[in-house]
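Work through the exercises below with the sequence and the model at hand. Each task is followed by a stepwise solution.

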Amino acid sequence: MTFRNHQELDVTVVAVAPVGAQVNVDGESGFIDQVKHPSWWDERTAPPQVGDQLHVVVLDASRNPPRLSALQQDIDIARRLRPGGE
């Protein structure tokens, strides 16, 4: 799978560290920085745990691993930036 900027994906958390979470989709890895997970901004939201399923958007497909976000505001922005607003 090739990641594309602004692409939406459903991923599974496979590892958690103090700086963020490693996720997997179709055998490919991505990374969600801690500030790009809702728990960073809302204390009522549980932090990511291994096995969690998340809906995310690709912020930077050129990084290794690609950087993703689980924040709804980033998903909304990506939808506006994609051709046709898909």
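A residue counts as exposed when its relative accessible area is over 50%, as buried when that area is under 20%, and as partly exposed in between. The model is predicted.

**Exercise 1.** Classify the two partners of the salt bridge between Arg 44 and Asp 42 by accessibility.

*Solution.* 
1. The closest N and O atoms of Arg 44 and Asp 42 are 3.1 Å apart.
2. Arg 44 has 74% relative accessibility, so Arg 44 is exposed.
3. Asp 42, with a relative accessible area of 23%, is partly exposed.

**Exercise 2.** Describe the network of salt bridges that includes Glu 8.

*Solution.* 
1. Glu 8 pairs with Arg 79 in a salt bridge at 2.7 Å, N to O.
2. Because Glu 8 lies in strand S1 and Arg 79 in helix H1 (residues 72–81), this pair ties together parts 71 residues apart in sequence.
3. A salt bridge also joins Glu 8 to Arg 82, with the closest N and O atoms 2.8 Å apart.
4. Arg 82 lies in the segment after H1, so its pairing with Glu 8 connects parts 74 residues apart in sequence.
5. Arg 79 is partly exposed at 35% relative accessibility, whereas Arg 82 is buried at 16%.

Notes:
Residues are numbered from 1 along each chain as its sequence is written. This is a predicted model: local features need pLDDT of at least 70, side-chain atom pairs count only at pLDDT 80 or more; totals for chains, interfaces and linings use all residues. Side-chain values use heavy atoms; hydrogens and water are left out. A salt bridge is a side-chain nitrogen of Lys or Arg within 4 Å of a carboxyl oxygen of Asp or Glu. Helices (H or I, at least four residues) and strands (E, at least two) are DSSP runs, numbered from the N terminus. Buried means under 20% relative accessible area, exposed over 50%, partly exposed in between (1.4 Å probe, protein chains only).
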